[in-house]
Amino acid sequence: MSDTQTQPSKTAAENGLKRNAIGTGGIAFLVISAAAPLTVMAGVAPVAIATGGIGAPAGYLIAGAVLTIFAIGFMAMTRHVKAAGGFYTYISLAMGKTVGLASAVLAIVSYNCLQIGVYGLFAVQTQSMLHFIFGLDVPWPVVALSAVAAVWFLGYRGIDVGAKVLGVLLVAETAILAVMGAGILSRGGAHGISGSSFTPENAFNPGVLAILGICFAAFMGFESTVLYRREARNPDKSVPRATFIAVGFMSVFYAFIVWTVVQAYGDGNVVQAAGQLTNGMFFATINQYVGPWAEVVMYVLIVTSVYASQLAFHNAINRYVYMLARDGVLPAFLGRTHSRYKSPHRAGQLQSVLAAAVIIVCAVLGADPYQQLLIWVNTPGIFGIVGLQGLVSVAAFIYLRRNPSAVTNRLLVPLSIASAVLLFAVVAMIAVNIELLTFADTLTNTIILLVTPAVFLAGLLTARRLRTRRPATFERIGSFEIHES
């Protein structure tokens, strides 16, 4: 399909997203912030170490390598698909509008699961910070609802403002982790510096394969670079650059930080320490190797890290909803942007109301903010996004086979096949080892796993109904045309 561009009407121009608002760095900040490096390190990496052993750092490199292979085919399509519909557009183009719409529905639900669930983590981390520094005890629903309001406000102000804030927060959280790593290495760790984490017997032991779901979860959001195409400066270059910068930085940085923590306790003691200290492991480590002041800073920055993740996912969700509204699938009012800030503010209002409603329901039911709100709500999002990455790899393979002119390197097609196989294998591993993510019983895990196929099936049925009852709307599915000038 050739790229087409319609002449924008006055209404379309008024409701368009802000053009030339962010460059490569801004997009990279947005997607790396969505992954929340400090949060996934301090909050989840101890679980990876406890299960994967000293080979846990290699798990992040493996995940990064698989996602780099995925990104090669994914980005090859961006040179030819001039639209900002994300997974929705790519899958629609190669696999048809029915599968494309089902993918869009799954993406919206998955990103909402990731975003809303993390309000539980924000509440827990903020409670800990307030108690540790000020001795205050604040109810978690109050903290979570305050975060919803703060996220909505910056999302409302526009992508350029959000990118600037995320840039500052990302630099800060990355710096404190780097300071911890440098402190460990400068003091020689517990028993000297060892490279055993990356030997084949440790890097590919069964424990590392079991934690791949945790490792892939640390990259959630990097694929959303394409959602900012219409707001990017020179998108044909900035979007691919930001994608590879994001996945490359995260894979190397995660592996480095986890490896330094292994050095902090020693190969023989780190697994036991991770099991005993759990979420407090990184705080105890930075206290020991850098100082108490650094522990206080880390407590503050982990809160801002979670907030940055919330804002980044909020922006991604709003743009999916905006595109579906512009294509006529969702109500038209969701496809309008703010007259001044050019943000998809109606979509943002809806997403914020939904998040607040889920938090209030959890509070009324007495749910645990970490176990129920974070873990149980978050996990279907991880499952859904990795599954969608696999589908996009299939879409890239189909598109490249149909359009030989798009194949700029003979490795593109085999790499697309390889990424599809690897990503669906990861989906299977997540399903088999889901208890490592949820710590829940069999019934709960089964329900969590069924969310993704159930949502995808609902999307397929919705698409078929549109094709029968609203054929004109069905034909617009995919966001192929560039609506704004």
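Which helices each supply at least two residues of the lining of the second largest pocket? I will come to that after the largest one. Keep in mind that this is a predicted model.

The largest pocket holds about 560 Å³ of space. Its lining has 30 residues, and Val 40, Val 44, Leu 374, Ile 375 and Asn 378 are the closest to the centre. Several elements give two or more residues to that lining, among them α3 (37–52), α15 (292–326) and α17 (369–402). By residue type, the lining splits into 23 nonpolar and seven polar, with no charged residues.

Now the second largest pocket, at about 290 Å³. Here 15 residues form the lining, and those closest to the centre are Ile 108, Asn 112, Val 321, Leu 350 and Leu 354. To return to the opening question, the elements that each supply at least two lining residues are α6, α15 and α16 (345–365). Of these, α6 gives the most, with five residues. The lining is 13 nonpolar and two polar, again with no charged residues.

Last, α16 has a packing partner. Helix α7 (residues 140–157) packs with α16 at an angle of about 175 degrees, and the two axes are 10 Å apart. That angle is why α7 counts as roughly antiparallel to α16. On the α7 side, the contact includes Trp 140, Leu 145, Val 148, Trp 152 and Tyr 156. On the α16 side, it includes His 345, Gln 349, Ser 352, Ile 359 and Cys 362. The residues of this contact divide into 13 nonpolar and four polar, and none is charged.

How values were computed
Residues numbered from 1 in each chain as written. Predicted model: local features only at pLDDT ≥ 70, side-chain atom pairs only at ≥ 80, totals over all residues. Heavy atoms only, no water. 1 Å grid on protein atoms, 1.4 Å probe; cavity = no way out; pocket = protein on both sides within 12 Å on 5 of 7 lines; lining within 4 Å. Points joined across faces, edges and corners; volume = space filled by probe spheres on them. Helix = DSSP H or I, 4+ residues; strand = E, 2+ residues; numbered from the N terminus. Nonpolar A, V, L, I, M, F, W, Y, C, P; charged D, E, K, R; others polar. Axes fitted to C-alpha atoms, helices over the stretch in contact; angles between N-to-C directions. Parallel < 35°, antiparallel > 145°, perpendicular 65-115°, else oblique. Contact = heavy atoms within 4.5 Å.
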